[in-house]
Each structure stands twice: as C-alpha cells, then as structure tokens.
Amino acid sequence: VDGRKITEYCDTRCLNIEQRLSLFEDVARAIHHAHQKRLLHLDLKPSNVLVTEIEGRAVPKIIDFGIALNLDSEEEERKKASLGTPNYASPELLAPDRSSDSLDTRADVYGLGALLFELLSGRTPTALDPTSESSPFEQLLASDRIAPSEVFKSRSLEVEKRSVSSARSTTEPTLIKTLQGDLDAICMKAIALDREDRFGSALELSQELERFAANEPVQSRPRTLPYLARKFFRRNRLPVAASFIAGVAVLGALGAVLIALQESQASEARAEATVDFLQELLEFNTPYKARRHTPQRAGAMPVNELMLEGAARAEEQLADQPEVQAGILYTIGNILRGYSDPEAPVPVLERALELRLSELGNEHPDTLLTRHVLGLAYERLGRYEEAEDNYTRSFQSLVSLFGPEDPRTVAAQVDLAQIQF
C-alpha cells in the first residue's frame, strides 16, 4: 500500500496540532467502522496507518489486519489473539492470563490513544524495554503515567524540544499550552490502564476531539464553572466582535451571572444549564440574528433590551430548572437597575424572589440577597414602604445568619437606615 507512516507524514509536512487532530479523527472513524463490522485491529501503530494524498487531501489508510480479531470468534481463538506491538498495546492485550472476554473495542481505543499521544508529543506514552526481565505487561503497569505536555516538558535536550515543536509549526511554550488541559485529559482517558475508564468506543474518542475543536467543554475533565466559563467566552469571540460596543457590555453582564454562580458553588448541572442558556442568548444578539427577529433593527440589541429578552426566555426555557432560572433572573434584574427605566427590573426581581423563596426558603443567603436588591429597585421607583419591608426582612435574617459585623449585614443596615431617616 502506498503512503507514509502517519507520524512521518505529519512531521515532514510540519502539520500543526489542529491538522493532526483532523487527520487522526479520520483514523478513529475508520476504526469505528471496522468495529461495526465486528473486527478489532489490535495492532494500531504509525506503521499500520499510512497517509496518501488524493487531490491534495491527506487520506489515512489502516493496513495489516492480519492479527485482527472477530468479536464473534470462539473463546479459544480470542485467547490466542496476538499481543500486538507492546508500546501501543493495551494492558488486557498484554496480560498473560487474558480471559476470553477481556478484549473488546476498548483495546483499540487504547491503541488509538497511544497513536494520538505520539502525534501530539513526539513520543509513545510508554517506552518498554524488550531486553528487560520483566514482561511488557509488568513494565506497562509499573510505568509512569504522564500526560503529553509533561512528556514534552521532560525532554532534556533543547534541540529535541525545538525539533518537535517546529514539526508542529509552533513554539515550545505554545505547544505546551495547547496540550495542557483538554488534550492531555483526552489522551490520558484513551490510554487508561483500566478499560472501564477509557472511552467506550472509537466514535466516542472522535466525538470528544470534535468537542475540543469546537471549543465546547470536553467530558474527559471536571466540568467546573471556571472551565465552563472559559469555554463559553472562547466560543463567543466572533458574536462579540460582530457588535463590539454592545458585545463588551453583554459579556460584562453575562460574566456577572457566571461569577455569581461560582461564588454560590453551583452544581455542575446548574452551571452547565446556565452556560448553555447564556450561549443561546448571546448568539441571539449577533447583528444577523437580531435583524431576523426584528427586521427594522440595524444591528444588535442594546444591553437593556437583551436582558429583558433574556428574562422572557428564562421564564419559557428554564421552567423545569427553577434554581437556574432564579439565578439568571436575579442577575438580569440587578443589571437592569443600572438603566434608565426604573420599572424594568422590578417584575424580574420579584419573580426571582418568588422562585428562591419556593426553592431555597426564606433564610437562604441567595434569597436574602434577592430580597435586598428588590428593595433597592422599589426604592428607586418610589415604593418606599415595600422597600423598607424588604430591607427590614433581609437585615433581620442576615443578623441571625452572619452576625452584625458581616459586610452583607452592614450593607442591609445602611440601606434600611437611609430609607427610615
């Protein structure tokens, strides 16, 4: 078969990380296709993945299915399956006491992970010694498990570091930064020693890389709120740039939601639901989409109008997630207090308070904060009795919860004193 080893092809053409990932996804999809035909390759390595060019496009071809195993094979045949190539073989393939049910598609996922590891870092995840008295299986279990970025940083020769980074059309610091985080996590999940910790299929690995390419949160690492927020803003660089002045203000407004969530230590599900909602709201405000919804508009919505749109969408789309809805409505209402219409924030904050009373109770800090901010909105509107009532309730509860010296208690006391005198 014509073609060059995938690692050689990538290095000689100095393919960057994005290009390498795109080529690798084709390999992963081809392996998934083989799995659908009930075939395991069991010897995935660079020399068995050759790349040719067809009409200027790189096309990988997987060869040497000579030791491939049919998933429907008899028990004895499955036990006799070849060990493959040790530096790319999964633990269950190298195990001396391999059982008949120990080999499945995740063995090839490991091989794909080892191949991806080498494409990214320039080295295999392990360097087993064929002359060692220990078996490849024992060496693999005893080997240090370090991520691609750590492998690159551990290189002792600067000339080697420059060579590897140059072959990826980048610099040493940029390569390390690119690998750290998502790609490290994806690789380490693919080559987990316990197959239960790996991707369930080659398709899942491919889909994870697609999420990475789209700046979406990957599933291979903890989906903390700061991580989700970073992904959110990276995905929305273009919508923001499309309407820079409004975009900066909107990002500041939406950033307030994310900060509030982080401070409240929101659950992963709540954080994700919030980020998804904000993603849709921000995309809605690009000039193109804004004109589709409101043809007479020349560009994106002003921030105050977008916040009202967000409040309406939250009522409709988040009805089954009242805590998420309340958090978004609270922040939108608080933002609206800074605009000229004093009536706009009141119904939004009233609804946020209603939801938080129902979901969290009267004494929860989020409920008290919402009640206090609603009091500020009432005061600005001239509804002084309602403002004083909310200030009083929040102040009394804050004293009980946090004591008289807490900054939240002091702020409530100051506002109460001002409206009374």
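1. Cysteine 10 counts as buried, at 0% relative accessibility; buried means under 20% relative accessible area, exposed over 50%, and partly exposed in between (1.4 Å probe, protein chains only). Cysteine 10 is placed in helix H1 (residues 6–12). Helices (H or I, at least four residues) and strands (E, at least two) are DSSP runs, numbered from the N terminus. Between cysteine 10 and leucine 23 there are 9.1 Å in space, C-alpha to C-alpha, and the two are 13 residues apart in sequence.

2. The model is predicted, with local features needing pLDDT of at least 70 and side-chain atom pairs counting only at pLDDT 80 or more, while totals for chains, interfaces and linings use all residues. Residues are numbered from 1 along each chain as its sequence is written, and side-chain values use heavy atoms, with hydrogens and water left out.

3. Two residues deserve a note on their backbone angles. Most residues other than glycine have a negative phi. Arginine 38, however, has a positive phi, near 75°. Arginine 38 lies in the loop between H2 and strand S2 (39–40) and is partly exposed, at 37% relative accessibility. Glutamate 55 also has a positive phi, near 55°. The place of glutamate 55 is the loop between strand S3 (49–54) and S4, where its relative accessible area of 84% makes it exposed.

4. How many salt bridges does a search of the whole structure find? The search finds 24, where a salt bridge is a side-chain nitrogen of Lys or Arg within 4 Å of a carboxyl oxygen of Asp or Glu. One of them joins arginine 57 to aspartate 26, with the closest N and O atoms 3.4 Å apart. Arginine 57 belongs to strand S4 (residues 57–62) and aspartate 26 to helix H2, so the pair ties together parts that are 31 residues apart in sequence. Aspartate 26 is buried, with a relative accessible area of 17%, whereas arginine 57 is partly exposed, with 46%. Both residues belong to a network of salt bridges that links Glu25, Asp26, Arg29, Arg57 and Glu210.

5. A second salt bridge is formed by aspartate 182 and arginine 221, whose closest N and O atoms are 2.9 Å apart. This pair links distant parts of the chain, 39 residues apart: aspartate 182 is in helix H10 (residues 182–190), and arginine 221 is in the loop between H11 and H12. Aspartate 182 is buried, at a relative accessible area of 5%, while arginine 221 is partly exposed, at 25% relative accessibility.

6. A further salt bridge lies within one helix. Arginine 393 and aspartate 389 meet through their side chains at 3.4 Å, N to O. The two residues are four apart in helix H21 (residues 384–402), so about one helical turn separates them. Arginine 393 is partly exposed, with a relative accessible area of 42%, and aspartate 389 is partly exposed at 35% relative accessibility.

7. Which charged ends sit over rings? The charged end of lysine 189 sits over the ring of phenylalanine 199, 5.3 Å from its centre. The charged end of arginine 408 sits over the ring of phenylalanine 402, 3.8 Å from its centre. A charge sits over a ring if NZ of Lys or CZ of Arg is within 6 Å of the ring centre and within 35 degrees of the ring normal.

8. The largest pocket has a volume of about 680 Å³. On a 1 Å grid over the protein atoms alone, a pocket is an open set of points with protein on both sides within 12 Å along at least five of seven lines, a cavity is a set of points where a 1.4 Å probe fits but cannot get out, and lining residues have an atom within 4 Å of a point. Grid points are joined across faces, edges and corners, and a volume is the space filled by probe spheres set on the points. The pocket is lined by 22 residues, of which Thr178, Phe212, Asn215, Lys231 and Arg234 lie nearest its centre. H2 gives the largest share of this lining, five residues.

9. Three cavities of 30 Å³ or more are found in the whole structure, and the largest cavity has a volume of about 50 Å³. Its lining includes Leu42, Tyr88 and Asp108, and helix H5 (residues 105–121) gives the most to it, with three residues.
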